[in-house]
Amino acid sequence: MKKIDYFKEYDKISNDLFEQLKKEYFGLIDNARDWKIACNYFSETILNPQIGENGRKLMTLGTANTFTGDWYQSWQLNKSKGRPEIFNEMLVEIELTKRDETTMLLGEQAGLTAMSRFLSDESDKQNNLHAGNKSIENNKEYQSPINWKGTNETEFIQLIYALHEAGYLYNEERQITSLVWQMADAFNVRLGRNWQSNFSHSINNRKLGYEPKIFKDLKKYFIAYRDKLINKKKKN
């Protein structure tokens, strides 16, 4: 019986979706007066909802929540095998009735991730037209005196998204993507060009119920601060 090449199907789904999204993106950009607004609109109403839906479907299916990370690790640890071979070996370990859907969802995830990276590259090419995409050094008019001391870029983005979703933060554009850039400027955070795709991976490649470390730390240290004040008051 001939083996099914799951990687070939995965790669086709990924490339087809990427090309489709690029076509939609350029159609929107070509018809827009303001590139920045069109780009934000594409991210918020077309790309991000698809990323969220893909992540929910993968979580529900339950066969590939950590697949991408495990695949990359296996490839790094075995130089005698290529990525397609390792992909197929991992797929056949999944329940037969779920392999096709797993392949499809992983392909969609790869296409969406590629589009996120493409958008970041486009931002660089547009001569810093993206909201907030100005280097801290070149901003002669104003530089915030506030500095983010964290070393994990994704944790900063997780915090901004959480504050936005909870209704504590919003901007005039009412767009979370531009809000992240604006808050990065306010805290002197230099975002990498792949911050959107890295943020998506932090969600899609985790198990259900995953809680980012930054939220655990915030709770832990607030309680410690509260207890310190209470104990100080008791001593006085």
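The lining of the largest cavity holds 2 nonpolar residues, 6 polar ones and no charged ones. The structure is a predicted model, in which local features need pLDDT of at least 70, side-chain atom pairs count only at pLDDT 80 or more, and totals for chains, interfaces and linings use all residues. Residues are numbered from 1 along each chain as its sequence is written, and side-chain values use heavy atoms, with hydrogens and water left out.

**Overall make-up**

- The protein chain has 9 helices and 0 strands (DSSP runs numbered from the N terminus: H or I of at least four residues for helices, E of at least two for strands).
- Read from the N terminus, the order of elements is α-α-α-α-α-α-α-α-α.
- Of the 236 residues in the protein chain, 39% are buried (under 20% relative accessible area; exposed is over 50% and partly exposed lies in between, with a 1.4 Å probe and protein chains only).

**The cavity**

- Rolling a probe the size of a water molecule over the atoms shows where empty space is left.
- The structure contains 1 cavity of 30 Å³ or more (a set of points, on a 1 Å grid over the protein atoms alone, where a 1.4 Å probe fits but cannot get out).
- The largest cavity holds about 50 Å³ of space, where volume is the space filled by probe spheres set on the grid points, which are joined across faces, edges and corners.
- Its lining consists of Ile51, Asn54, Gln109, Leu112, Thr113, Ser200, His201 and Asn204, a lining residue being one with an atom within 4 Å of a point.
- Three helices each give at least two residues to this lining: H2 (35–61), H5 (99–125) and H8 (195–204).

**Buried residues and their neighbours in space**

- Phe42 sits in helix H2 and is buried, because its relative accessibility is 0%.
- Phe42 and Phe26 are 16 residues apart along the chain, and their C-alpha atoms are separated by 9.9 Å.
- Phe156 belongs to helix H6 (residues 153–165), and with a relative accessible area of 0% Phe156 is buried.
- The C-alpha atoms of Phe156 and Val180 lie 9.0 Å apart, although 24 residues separate the two in sequence.
- Leu191 is in the loop between H7 and H8 and counts as buried, since its relative accessibility is 13%.

- Most residues other than glycine have a negative phi, and most peptide bonds are trans.
- Asn188 is not a glycine, yet its phi is positive, at about 55 degrees.
- Asn188 lies in the loop between helix H7 (176–186) and H8.
- The relative accessible area of Asn188 is 16%, so Asn188 counts as buried.

**Salt bridges**

- Side chains of opposite charge can pair when their charged atoms come close.
- The count comes to 6 salt bridges (a side-chain nitrogen of Lys or Arg within 4 Å of a carboxyl oxygen of Asp or Glu).
- Glu19 is bridged to Lys22, with 3.6 Å between the closest N and O atoms.
- Glu19 and Lys22 are separated by about one helical turn, because they are 3 residues apart in helix H1 (residues 6–31).
- Glu19 is partly exposed, at a relative accessible area of 45%.
- Glu53 and Arg56 form a salt bridge at 3.1 Å, N to O, and both lie in helix H2, 3 residues or about one turn apart.
- Glu53 is partly exposed at 34% relative accessibility.
- Arg226 and Asp227 form a salt bridge at 3.0 Å, N to O.
- Relative accessibility is 40% for Arg226, which is therefore partly exposed, and 31% for Asp227, which is partly exposed too.

**A nonpolar surface patch**

- Phe222, Ile223, Tyr225 and Leu229 make up a nonpolar patch on the surface (residues with over 30% relative accessible area and no salt bridge, where nonpolar side chains, meaning Val, Leu, Ile, Met, Phe, Trp and Tyr, are joined within 5 Å and like charges within 9 Å).
- Together these four residues have about 390 Å² of accessible area, from the Shrake-Rupley method with a 1.4 Å probe and only the protein chains shown counting as cover.
- One of them, Ile223, is in helix H9 (residues 213–235) and is partly exposed, because its relative accessibility is 31%.

Notes
On a 1 Å grid over the protein atoms alone, a cavity is a set of points where a 1.4 Å probe fits but cannot get out, and a pocket is an open set with protein on both sides within 12 Å along at least five of seven lines; lining residues have an atom within 4 Å of a point. Ala, Val, Leu, Ile, Met, Phe, Trp, Tyr, Cys and Pro count as nonpolar, Asp, Glu, Lys and Arg as charged, and the others, Gly among them, as polar.
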